[in-house]
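Here is a protein to look at together. Read each question, check the structure, then read the reply.

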Amino acid sequence: MRPIGCSSPSNGAVPGEPVKKDENSRRGNWGNQIEFVLTSVGYAVGLGNVWRFPYLCYRNGGGAFMLPYFIMLVFCGIPLFFLELSFGQFASQGCLGVWKISPMFKGVGYGMMVVSTYIGIYYNVVICIAFYYFFLSMTKLLPWTYCNNPWNTPDCSGVVGNSQRLNASLANATTSLVAGVSEVVNRTKRTSPSEEYWKHYVLNISDGIGTFGEVRLPILGCLAVSWFVVFLCLIRGVKSSGKVVYFTATFPYVVLTILFIRGITLDGAINGIKYYLTPQWEKVLDAKVWGDAASQIFYSLGCAWGGLITMASYNKFHNNCFRDSIIISITNCATSVYAGFVIFSILGFMAHNLNVPVSEVADHGPGLAFVAYPEALTLLPISPLWSLLFFFMLILLGLGTQFCLLETLVTAIVDEIGTDWIIRNKTVVTLSVAIVGFLLGVPLTTQAGIYWLLLMDNYAASFSLVIISCIMCICVMYVYGHRNYFRDVEMMLGFPPPLFFKVCWRFISPVIISFILIFTVIQYKPITYNDYVYPGWSLAIGFSMALSSVVCIPIYALYKISRSPGATFRERLKFACRAHPKWGPALQEHRTGRYAPMASEDTVEARPLKEKEELKEELKVEEKEKEKETERKDEISLTIQGSNGSTNTHNNPNPSA
């Protein structure tokens, strides 16, 4: 069967249904399958692969983290990745439209939108900081190299002296370097130039999360640049992002390779790599290590964000998304491991110069990218060049994910509203979302912005992702039915899902997800930023952000049950869980077999496995809702249209029924 591209919007369309126009216009919107794979790689491979994965290895004893990481990838990451890709591709809908599979669970889609909104807001702030460092690297001497700047404190101690590189001979430079290292070792608390530059100049950080201070205008300007770049790349939807991603998804690997080659040639690099690969076996049995590995899989692959479903919805119906899921997931994992080699070689070099163990050379979290790495870059020859390449790489990695986050929100809005105007003016929707995202990100550019950024990072997209993924698995496998979904995948791909994926979807993945959720609750510890302890009211805000995405699920479920027909709660619940008649492939020519149209006076489409009486009942409910909407519109215009076709104006107070 020939796949239909976006150039044939009338093929298989049902007249008078604007949503169908959108479904047909998006089917096959990727120029070719390479664009989809690269875009998905750019979405999954982001900033988390550069600093979060190496940090978790760093904290959990190097190689001891690798074993649980690969186990979680195989039994949880890849199966869930394939589930979301096949889900979106089969229905050709975004994270809201796909829930025609079981309308009561549409709140899962709204939860994905909320998560994507939170991540999109603070993720672009991280990108804008990378922009800021990129612009500041356009100089002969990196400004965070020495301690003789107005923002430095007496505790600042650089790896090399302030005047070593300027006017000392090679012998004197060597002597000063040794003395400087000795001073660093003897200090009880060393503050690096890059850390003081980060805290006192870039952030000008306040003393607490409640003290906003002033807006950092340079960061605000970079935030505007970042959102503008994202909008320009998405101005024509996935067609334009598909072209851009040829560059954004491949260039980071070029930079990583350059930095890797340079890193392994530095003195002490082998010590960092040994630390990275040598496991501390006593930590393998630590549940915290397994929990960190599982959380990294969710974070790096982007499961439950809604972006995977959205990107897959633009595929051709018979595209082999099983192959894509294997390629993208393994590429993501390999990128994390590769980035670990790059960073740990640099950390080994820093440890060698400071004469300290590798385990004590770096900070955690954002500090690894904006404190430790910039400090290492100052020790490299032609440091401004390496700094430019590194931060340009961070920008591209961040933009690859941000493209898909914004497209997820825009697609969900367009699919949900579905009017002709919205479909024709999708660019306006994209611009509106970008402007709102910029405005919501302004508080993160204040002096207290880093506190809020870490609060959102730790709460807005943590255990809520676990809950969303678990409910999605339960809905598809047990409410809709695993046999039904396996037949859908076979109808789409031409072969059923492999046995391994069937077992993972039904049993292994939900169990692992449940384990992560229980572990997150039991091992909960309030977040801190260095020595700063977050106050209780800020933690309450963090939990509110986390719950705001999860609470969408029960709220919408109750709403759907209350609007469903039935004399008892059980009948309403059964009706709300039942798949919508329009669930299935978007194009009429793909609705074959169980989805073939039935000749009926009531409908031209029918959901398989339903009785005709149930279909009639559901269609009657929809017809009544349309009649109520028509009556409301007529009342506004002071003209009430009766159900029998008679017209009664405002001057006739007693209309006939």
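**Cysteines and burial**

Q: What makes Cys552 count as buried?
A: This is a predicted model. In it, Cys552 has a relative accessible area of 17%. Buried means under 20%. The value falls under that cut-off, so Cys552 is buried.

Q: Why is Cys57 called buried?
A: The relative accessible area of Cys57 is 0%. The cut-off is under 20%, so Cys57 is buried.

Q: How do you know that a disulfide joins Cys147 to Cys156?
A: Look at the sulfur atoms. The S to S distance is 2.0 Å. A disulfide needs two cysteine sulfur atoms within 2.5 Å. The pair meets that rule, so Cys147 and Cys156 form a disulfide. By this rule the count comes to one disulfide.

Q: What kind of bond is a disulfide?
A: A disulfide is a covalent bond linking the sulfur atoms of two cysteines.

Q: Why is the disulfide of Cys147 and Cys156 called left-handed?
A: Check the torsion about the S-S bond. It is about -65 degrees, so the disulfide is left-handed.

Q: Are Cys147 and Cys156 buried or exposed?
A: Both Cys147 and Cys156 are buried. That puts each under 20% relative accessible area.

Q: What share of the residues in the protein is buried?
A: Of the 657 residues, 56% are buried. The protein still exposes about 27100 Å². Carbon and sulfur atoms supply 64% of that area.

Q: How many helices and strands are there in the protein?
A: The protein has 27 helices and four strands.

Notes:
Residues are numbered from 1 along each chain as its sequence is written. This is a predicted model: local features need pLDDT of at least 70, side-chain atom pairs count only at pLDDT 80 or more; totals for chains, interfaces and linings use all residues. Side-chain values use heavy atoms; hydrogens and water are left out. Buried means under 20% relative accessible area, exposed over 50%, partly exposed in between (1.4 Å probe, protein chains only). Helices (H or I, at least four residues) and strands (E, at least two) are DSSP runs, numbered from the N terminus. Accessible areas come from the Shrake-Rupley method with a 1.4 Å probe; for residues, only the protein chains shown count as cover.
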